[in-house]
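Hi,

Here is the model I said I would pass on.

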Amino acid sequence: MSDPMSAPILRFDGVSRDFSAQNGFFGRKRTMRAVDGVTLDIPRGKVTGVVGESGCGKSTLARLALHLLKPSIGHVYFEGNDLAGLKPAALRRQRRHMQMVFQDPYSSINPRFSIRDAVMEPFQVHGIRHTPAEGKERAARLLEMAGLDPQLAEHYPHQLSGGQKQRVGIARALALEPNLIVLDEPTASLDVSIQAQIIALLADLKSRLGLTYLFISHDLGLVRYFCDRIVVMYLGAAVEILPSTDAPHRHPYTRTLMESAFLPDPERRRAVTRLTGEIPSAFERPPGCAFATRCSFASGRCYAEKPVLLTTGRHAVACHHPLD
Amino acid sequence: MSLLAVDDLSVSIGMVPLLDRVSFSLDRGEVLGLVGESGSGKSLTAMTLMGLLPLIGGRITAGRVRFDGIDLTTLPEPAYRDLRGQRIALISQNPMTSLDPILTVGAQIDQASRLHAGLSAAAARARSLDLMHQLRIPEAVAIHGQYPHQLSGGMKQRIVIAMALAGDPDLIIADEPTTALDVTIQAQIIQILCDLVAERGLALLLITHDMGVVAQACHRVSVLYAGRGAETGPVHDIFARPRHPYTKALIGCIPREGQAPGTLVGIPGMVPTAFAYPKGCRYHPRCTAAAPDCRTEVPAGSIQGVGGSIVFCHHPLEVGHV
Amino acid sequence: MAALTALRSAIASPRGAPSAAILALAVTAAIAAPWLAPYPYAAQNLAGAVMEPSAAHLLGTDEFGRDLLSRIIYGARVSLGVAVTSISLSVMIGLVLGAVAGYLGGWVDRVLMAVADVTWSFPEILIALVLIAILGPGLSSAGIAITIGYLAQFARLTRSQIIALKRETYVEAAVSIGSGHMHVLARHLIPNALTPVIVAGMLAVGDAIILEATLGFFGLGAQPPLPSWGALMSSGVAQIYLAPWVILFPGLAIAVTVIAINLFGDALIDALAIRNRLKER
């Protein structure tokens with residue numbers, strides 16, 4: 001921790017987040033644990049990928065990272081500061097340094113805002129004033145950075161395609177020159193051709209501006225291409241942390257994910273391992289391993305005892321019977 | 001003769017021409033992938049084949065669609081109604097919109113059986129349970145009595161497939177059947193569909209934007225771009241030797257295992273809208289190999305290679321140029 | 001911009017065009033009453049009392065010989081003025097209360113909405129009668145009664161809009177760049193919630209005209225000699241057999257204006273395509 005450049009930019013320390021739902025007015029209050037005891041360092045200047053299926057808590061983790069949601073248990077430290085300990089004004093100032101790009105470009109821009117308004121809003125919020133000419137110039141430069149024609153500044157969101165809107169989202173995130181950007185499935189609702197464009201843009205911006213990314217995705221193929229490190233989540237918990245994209249996976253769930261990814265190569269068709277069993281409900285978590293019901297290696301121990309995330313070297317896995 | 005033969009199909013909505021001379025064919029026991037980005041005309045093709053164009057104010061302006069010897073372009077609506085569901089079934093992208101929230105899923109599969117095969121209530125139920133077993137739905141009896149909201153997305157899509165199968169169709173049109181689902185579930189559903197084609201001798205038209213799905217599931221591929229055919233051919237041939245620059249670019253959009261950082265670039269620009277189709281080859285503004293004739297002349301289809309791929313390009317890529 | 005386009009297409013629609021014309025006439029009458037009215041509204045002429053419509057008095061005269069047309073034109077000023085002013089106030093207060101309740105949620109929301117539900121469960125006229133019993137009859141009492149009577153409706157509608165909008169990604173995006181509550185409310189939530197509330201307010205003006213007329217009819221609103229449409233009708237009751245026009249013409253003024261407001265509001269709802277959002281309260 002002595003060298004500030006080697007210290008992680010973001011740290012999750014035993015973070016859990018519960019949501020409660022009530023069945024009707026007099027109904028029983030039920031609690032769902034969306035994120036369950038995640039401890040994770042996000043190294044500076046790297047792309048950390050978080051991959052998992054819907055309901056695995058990856059989007060909740062993204063929001064916990066930026067304190068858009070408060071942790072129920074545990075702490076999130078950004079640049080060493082516990083975000084929950086900050087006063088509202090201090091937290092708002094801190095948000096300059098950590099930004100987010102959202103999944104749905106169609107609803108992430110206020111329909112009443114022109115593209116210029118949307119890109120300039122971060123400055124307005126932080127009381128950074130521009131003369132009209134400066135503002136115009138600044139917006140144009142941000143749009144250019146995101147690969148957009150500066151002429152689009154006068155347009156409204158409904159006049160733009162999904163890919164263009166996502167570029168606006170990126171321009172907005174860059175406005176305040178942040179250190180960390182959380183990318184919450186930024187390409188999930190785009191065509192593959194546009195997805196590849198956006199990923200190329202993000203890679204270029206990262207190397208030019210020295211950004212750190214937390215990249216949330218359901219697409220393991222994409223995560224393996226784009227990220228330096230991969231966190232695999234299942235039912236709210238990190239089950240495996242791969243230190244590099246070519247590290248051999250050790251958790252049976254990661255293997256299932258790998259096998260499910262469709263390669264663009266008809267010569268290498270895979271027989272899909274049949275998954276039996278349903279994903280357990282996050283309202284009633286099993287006492288043992290959450291993946292046991294679908295795992296072909298599951299033993300009695302897996303149903304009874306919850307595996308903890310054990311780190312060997314830089315590789316971490318939470319499994320009683322890890323693969324070799 | 002093919003089960004389904006689409007020849008030079010052109011479709012307009014109002015005054016706007018959206019499909020321009022699209023051709024492909026599909027046999028029993030075959031999976032044909034219809035691929036392209038949004039705006040390529042994939043879903044419009046599905047609507048045309050289902051005879052649903054009038055619903056969106058569209059009409060066929062030229063070309064023929066023959067299904068098992070029947071000319072679908074001139075088929076009157078009552079006869080089409082008999083065909084839909086019974087011989088041609090549609091599986092749509094969002095299972096939520098295909099299921100009635102106030103009926104149990106079992107009742108909905110039963111209903112499809114009774115409507116199409118004229119079965120008694122008991123026989124329909126037995127048949128539904130049989131179909132659910134075939135689709136590897138665990139605890140079929142329990143699920144038969146549940147409502148859509150009680151089921152996961154993957155389970156709902158399996159119910160929709162069971163409903164499609166209840167009419168014992170010859171042709172299934174699946175429009176992005178797994179786009180809304182998780183990857184592990186997507187793999188299962190695609191596997192189920194492919195097994196059905198092999199076991200029952202169905203024909204499957206698989207509409208998707210994902211070249212990965214095509215590579216894993218299809219026998220043949222037809223690539224559409226901006227309402228026109230780009231390239232049609234056997235899947236192995238298309239992936240090993242794509243001859244249309246668009247096909248090659250589309251395949252290149254999916255990261256491969258061990259792909260070097262910075263090598264995934266996508267396709268510059270975007271699909272033009274129907275109001276602003278460029279002259280000549282519609283792909284030329286995005287094409288890295290565009291020549292002067294691409295800007296003026298519409299490319300005609302030419303047969304390339306031993307696989308018999310048909311390519312609509314003035315300057316098809318050389319074989320081995322992968 | 002979208003609102004302007006919708007307004008234009010509502011005015012051009014088959015239902016909207018005639019109703020817009022009638023409303024324009026009523027508003028012009030209200031604003032330009034001193035120039036349009038042929039006689040002062042309080043000018044009595046007992047010799048010419050209760051006269052049939054004639055060239056000199058197009059709509060006839062009342063029991064004090066006052067020109068009915070002039071009184072109806074001035075009455076537009078009173079009736080429309082009270083209705084529009086009190087509904088505008090009601091919309092503004094309702095907007096703030098509803099936005100605060102919807103945005104903050106929790107106990108603030110529960111308390112505000114409990115109060116709104118209680119006031120909503122009484123007819124507006126009852127609330128008005130209670131308030132007038134406390135404040136005494138008069139135009140301002142009627143106005144306050146209308147403002148309070150319709151408050152719950154606008155607060156509830158705003159609240160439901162705000163709650164729906166809070167889930168939009170652009171609101172979360174605004175918070176993520178460091179926006180405070182005021183910025184989120186003023187820039188993102190209220191502007192997007194405004195349209196249905198304003199349309200509901202416009203429709204409520206019709207109801208408010210009727211409520212004011214009812215109070216006026218019972219002598220609880222505008223006090224003589226100030227003419228409001230309700231008060232004019234009230235004075236016509238005594239001569240209903242002898243001089244039916246004295247009650248008929250103010251009654252027609254009310255009916256035509258209210259129908260025009262409802263038709264125009266309907267056309268506007270269709271042009272804005274917000275019918276579903278209005279049901280959300």
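Which side chains do Glu257(B) and its partner in chain A belong to when they meet in a salt bridge, and what is the N to O distance? The partner is Arg268(A), and the N to O distance is 3.4 Å. By salt bridge I mean a side-chain nitrogen of Lys or Arg within 4 Å of a carboxyl oxygen of Asp or Glu.

Before the rest, some housekeeping. This is a predicted model, so local features need pLDDT of at least 70 and side-chain atom pairs count only at pLDDT 80 or more, while totals for chains, interfaces and linings use all residues. Residues are numbered from 1 along each chain as its sequence is written, chains are lettered from A and ligands numbered from 1 in the order in which they are written, and side-chain values use heavy atoms, with hydrogens and water left out.

Who touches whom

Two pairs of chains touch, and the pair with the most contacts is A and B (contact means heavy atoms within 4.5 Å). Chains B and C do not touch, and their nearest C-alpha atoms are 19 Å apart.

Chains B and A

On this contact, chain B puts in 46 residues and chain A 35. The area buried between them is about 3,600 Å², with 55% from carbon and sulfur atoms; buried area here is the accessible area (1.4 Å probe) that two parts lose on being put together, summed over both. Two salt bridges cross this interface, and Glu257(B) with Arg268(A) is a salt bridge between these chains. There are also 13 residue pairs in polar contact, both residues at pLDDT 80 or more. A polar contact is a pair of N or O atoms within 3.5 Å; within protein, one must be able to donate a hydrogen and the other to accept it, and residues adjacent in sequence count only if both atoms are side-chain atoms.

On the chain B side, the elements giving two or more residues are helices H8 (183-200), H9 (211-217), H10 (235-240) and H11 (245-251). The largest share, eight residues, is from H8(B). Helices (H or I, at least four residues) and strands (E, at least two) are DSSP runs, numbered from the N terminus. By class, that side of chain B has 25 nonpolar, 15 polar and six charged residues. Ala, Val, Leu, Ile, Met, Phe, Trp, Tyr, Cys and Pro count as nonpolar, Asp, Glu, Lys and Arg as charged, and the others, Gly among them, as polar.

Chains A and C

Here 23 residues of chain A meet 19 of chain C, and about 1,900 Å² is buried, 54% of it on carbon and sulfur atoms. The rule finds one salt bridge across this interface: Arg63(A) with Glu172(C), at 2.5 Å from N to O. Polar contacts come to 12 residue pairs, both at pLDDT 80 or more. On the chain A side, strand E6 (98-101) and helix H3 (115-125) each give two or more residues, and H3(A) has the largest share with four. That side divides into 11 nonpolar, six polar and six charged residues.

Arg63(A) also forms a salt bridge within its own chain, to Asp184(A), with the closest N and O atoms 3.0 Å apart. That pair links distant parts of chain A: Arg63(A) is in helix H1 (residues 58-65) and Asp184(A) in strand E7 (residues 180-184), 121 residues apart. Over all chains the count is 36 salt bridges.

Chain C by itself

Chain C has 12 helices and zero strands, and its C-alpha trace spans about 75 × 45 × 25 Å along its principal axes. Ile125(C) is found in its helix H6.

Cheers
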